[in-house]
Structure formats: structure tokens, C-alpha cells
Amino acid sequence: MAHAELTRPEGAAKDWTIPQDWAAYTAEEHATWDRLFDRQVRMLPGRVTPEFLDGLDVLRLSKPGIPDFGELSDRLMKATGWQVVAVPGLVPDEVFFDHLANRRFVAGNFIRTPAQLDYLQEPDVFHDVFGHVPLLVHPVFADYMQAYGVGGQRAAGLGAIDRLSRLYWYTVEFGLVRSGEGLRLYGAGIVSSFTESAFALDDPSPNRIGFDLKRLMRTKYRIDDFQQNYFVIDSFEDLLDQTLNTDFGPLYTELTGQPDIEIETILPADRVYTEGTQAYARAKVAA
């Protein structure tokens, strides 16, 4: 939920937080949450990493209606020391990184309309809370998110936010993880989307490639449709270990001047789980 150039809305605090104002949600807005929640919890078993479902249970997200951030934060704080804070929408990069570095997850306090169930360009409370927050119950993933925030603060000082943002995109938003039963979803952009929850695992179109930090940070991504490429981590422990044990400063220097890798490209050194047909993306271009 970060963006480089934004103006702080009137009424928002210096850290861009606002009251959630839970009592102001309408019956229709609560019903929209329930409809989105119900179809995702029917879709995700057998597709999503089990840690996500564990998080739903710990946070009691099955309770009807949009969650109260205060109650949610109480449970999350007991689990991993995180809390959820309300913001009016996208926030500047430096604000986003500061919140993550201090174990605060920013969540929009608005919800999409019934006409926007399948696609909303700006993340809403369903994407932010249902998609992101359950994995913050998992201690290793919770530490990874904090490490990303700290790394983002450093990247900002080095002029490397664009590179680091690709790590967030291909892990936190659209990551897959290897398991003994096959690939599983964990990225919030997938698990909060009914259609991409199926596409990311079942469709022959996208590439599914083993996680490689340097390669990932050179790879373009798209923000307007299903992904053409998904990176597969071995485990949350490995993801955290690589994040903590990589000196990103020299890595940014090394990547400076190197060409970006096009989304659909398969490289000789890639660990390929699926070489996609790219049929979906090509059909969209042709249309």
C-alpha cells in the first residue's frame, strides 16, 4: 500500500493513520465483506498454505462483518507483536516502511462496492485484512515483514525502492510456496482474489519459477491483470534467511545498469516448475 508521491488527506495523522470508525460501516458494506469472505474460504482449502488458514482461526476472522481493527490488533499483538492501523488508502513509501519496521500493518478502512467484487485497483479493507493479516500470525513471516520495512528504509536512502518493490510484489503480494503436496498460495493479491486463486495454480498460462533474489529484483511485473510469472519460495524460513543475510547495498549497486528481465522470459538458470504458455496474456493483447 505504498506510493511515492501522495498528499496527506485532511484529518490523517502525521503517520497517515485515521480512526477506523467501525460503527460507520453500513449493513451493505458488512454484507460485501461476508460475501467476499465466504467465497474465499470455500475456494482456498487445498490451495493456500496451511499457515494462512491457521491465521484465520487465531484472528477469528470468520466472525461476520468487517473486522474491528482494535479487536484484531489485540489478538495479533498476543501472537507476534503486530497491530493493524487504519489509513485512508495508499500511503507514501517512507510512511509504509516505517509502519512495517515497527510491526504495524496499514489497512484501508473502506471496502469495495458489490459491483467491484472481482477487481479493485486500490487495495481495500478486504485485500488488506483478509489477504495480508492472517500470515502475520506466523512468527517467521511476521519477522520477514518487519525486515522488509527496515530494508525499505535503507533502500529509500540508496534510491533503490523500485528494485526492492519487486521483492514485495513477487512475495508478499503474489508469492507461491513449495510444499509436500505441491505448490501453495500465500501472496495477498492471490488469496484475496477469487479468480486469481484458481489462475495462479491451475492455468497453464503463467510461468512458475523458483525464487532467486537477484533474478526477481530484475524482473518486471504487471499491476493491471493476472500475473504472467510467479516466484516459488522453498519456505518462509528460507525467505526470511535470505532477506536477513543479504547485504542489499552491494546488490543494488550490482543491479544498476543491468537490463530488466521481461515478465514472460525463462532464463537458462531458472528452476522452472511450469513454463507457461502465456496464452492468457497474448489473448488480452490480441483483443
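Contact, throughout these legends, means heavy atoms within 4.5 Å. The views show a predicted model, in which local features need pLDDT of at least 70 and side-chain atom pairs count only at pLDDT 80 or more, while totals for chains, interfaces and linings use all residues. Residues are numbered from 1 along each chain as its sequence is written, and side-chain values use heavy atoms, with hydrogens and water left out.

**View 1. Glu173 and its surroundings.** Glu173 belongs to helix α7 (residues 161-173); helices (H or I, at least four residues) and strands (E, at least two) are DSSP runs, numbered from the N terminus. Apart from residues up to four places away in sequence, Glu173 touches His127, His132, Tyr168, Gly187, Ala188, Gly189 and Ile190. With a relative accessible area of 8%, Glu173 is buried; buried means under 20% relative accessible area, exposed over 50%, and partly exposed in between (1.4 Å probe, protein chains only).

**View 2. The annotated binding site.** The unreviewed UniProt entry places the feature "binding site" at His127, His132 and Glu173. These residues span 47 residues in sequence, yet no two of their C-alpha atoms are more than 10.0 Å apart, so they gather at one spot. Of this set, His132 is taken in by the lining of the largest cavity. A cavity is a set of points, on a 1 Å grid over the protein atoms alone, where a 1.4 Å probe fits but cannot get out, and its lining residues have an atom within 4 Å of a point. UniProt positions are given in the numbering used here, feature names are shortened, and annotations may be inferred rather than shown by experiment.

**View 3. His132 in helix α5.** His132 lies in helix α5 (residues 125-132) and is buried, at 5% relative accessibility. When its neighbours within four places in sequence are left aside, His132 is in contact with Phe105, His127, Tyr168, Val172, Glu173 and Ala188.

**View 4. The crossing of helices α1 and α5.** The axes of α1 (residues 27-43) and α5 come within 11 Å and cross at roughly 35 degrees. Axes are lines fitted to C-alpha atoms, for helices over the stretch in contact, and angles run from 0 to 180 degrees between N-to-C directions. This crossing of α1 and α5 is right-handed, the near helix being turned clockwise from the far one by less than a right angle. Helix α1 contributes Trp33, Leu36, Phe37, Gln40 and Val41 to the contact, and α5 contributes Val125, Phe126, Val129 and Phe130. The residues of this contact divide into 8 nonpolar, 1 polar and no charged.

View 5. Most residues other than glycine have a negative phi. Trp16, in the loop between β1 (2-3) and α1, has a positive phi near 70 degrees. Its relative accessible area of 6% makes Trp16 buried. Gln278 has a positive phi of about 60 degrees and is found in the loop between β9 (272-274) and α13 (279-286). Gln278 is also buried, with a relative accessible area of 3%.

View 6. Thr26 lies in the loop between β1 and α1 and counts as partly exposed, at 38% relative accessibility. Although Thr26 and Gly65 are 39 residues apart along the chain, their C-alpha atoms are separated by 9.9 Å.

Conventions: 1 Å grid on protein atoms, 1.4 Å probe; cavity = no way out; pocket = protein on both sides within 12 Å on 5 of 7 lines; lining within 4 Å. Nonpolar A, V, L, I, M, F, W, Y, C, P; charged D, E, K, R; others polar.
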